[in-house]
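Welcome, and thanks for taking a look at this structure.

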Amino acid sequence: MGPIILSSQETGSNADILQGTRLQTVPAGGVLTFELQASDNDATNNYTVSVQMPGGDTPLNATRIPCGNTSGLAGVIDERTNLTASFPISQGGHCVFSTTETGNAELSWRVTYTPAR
C-alpha cells in the first residue's frame, strides 16, 4: 500500500472533512501530514482548524491558519508560508479534521497519509 493524498478548498465551516473519503478510516498505521493555507488571516477574515486523533488527542485545536502571498491564486499552498504538521495514526482510526471560517476567507488543504514501513 502506498500513500493517499487528498486535497481541496473550503469556503465555509466543515465539521469533518475526512468523513466519506478514502481516509475516513486509516487502512494501516502511518503518518498523516496536513498542509494548510488560508486566503486571509486578519481579525475579520480567517480560518481556524482542529484535528482530533482517534484516541481523543487534539494536536491542533482552533489553530489559526496563516495566509501567504497567494492573493488571487485560489487553491495555492505555498510551502514558504503554509502550516504543515504531521501526526502518527494507527490502523482503523478516524481523524476528525474540522474547520471554522470567520468572515469571507478560503482554506486550501492537502492531507497526505504515508503508511509505516
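Let's begin with Glu-35, which is buried, with a relative accessible area of 18%; buried means under 20% relative accessible area, exposed over 50%, and partly exposed in between, using a 1.4 Å probe and protein chains only. Please keep in mind that this is a predicted model, in which local features need pLDDT of at least 70 and side-chain atom pairs count only at pLDDT 80 or more, while totals for chains, interfaces and linings use all residues. Residues are numbered from 1 along each chain as its sequence is written, and side-chain values use heavy atoms, with hydrogens and water left out.

**Glu-35 and Arg-110**

- Glu-35 is found in strand β2; strands (E, at least two residues) and helices (H or I, at least four) are DSSP runs, numbered from the N terminus.
- The contacts of Glu-35, leaving aside residues up to four places away in sequence, include Ile-77, Asn-82, Trp-109 and Arg-110, where contact means heavy atoms within 4.5 Å.

**Salt bridges**

- How many salt bridges does the structure hold? There are two, each being a side-chain nitrogen of Lys or Arg within 4 Å of a carboxyl oxygen of Asp or Glu.
- Side chains of opposite charge can pair when their charged atoms come close.
- Arg-110 and Glu-35 meet through their side chains in a salt bridge of 2.9 Å, N to O. Because Arg-110 lies in strand β7 and Glu-35 in strand β2 (residues 30-38), the pair ties together parts that are 75 residues apart in sequence.
- Asp-78 and Arg-80 also meet in a salt bridge, at 2.6 Å from N to O. Asp-78 counts as buried at 10% relative accessibility, whereas Arg-80 is exposed, with a relative accessible area of 70%.

**A sheet of three strands**

- Three strands in the order β4-β3-β6 form an open sheet with antiparallel pairing; two strands pair if DSSP finds at least two bridges between them.
- At the edges stand β4 (60-64) and β6 (96-102), each with a single partner strand, so one side of each has no neighbour in the sheet.
- On average, neighbouring strands of this sheet are turned by 15° against each other, direction ignored; axes are lines fitted to C-alpha atoms, for helices over the stretch in contact, and angles run from 0 to 180 degrees between N-to-C directions.
- Seven bridges join strand β3 (residues 46-52) to β6 in the antiparallel sense, and Thr-48 stands opposite Thr-100 in β6.

**Ala-62, a residue with positive phi**

- Most residues other than glycine have a negative phi.
- Ala-62, in strand β4, has a positive phi of about 55° although it is not a glycine.
- Ala-62 is partly exposed, with a relative accessible area of 49%.

**Gln-19 in its loop**

- Gln-19 lies in the loop between β1 (4-10) and β2 and is partly exposed, with 45% relative accessible area.
- Gln-19 and Cys-95 are 8.9 Å apart in space, C-alpha to C-alpha, and 76 residues apart in sequence.
- Beyond residues up to four places away in sequence, Gln-19 touches Gln-24 and His-94.
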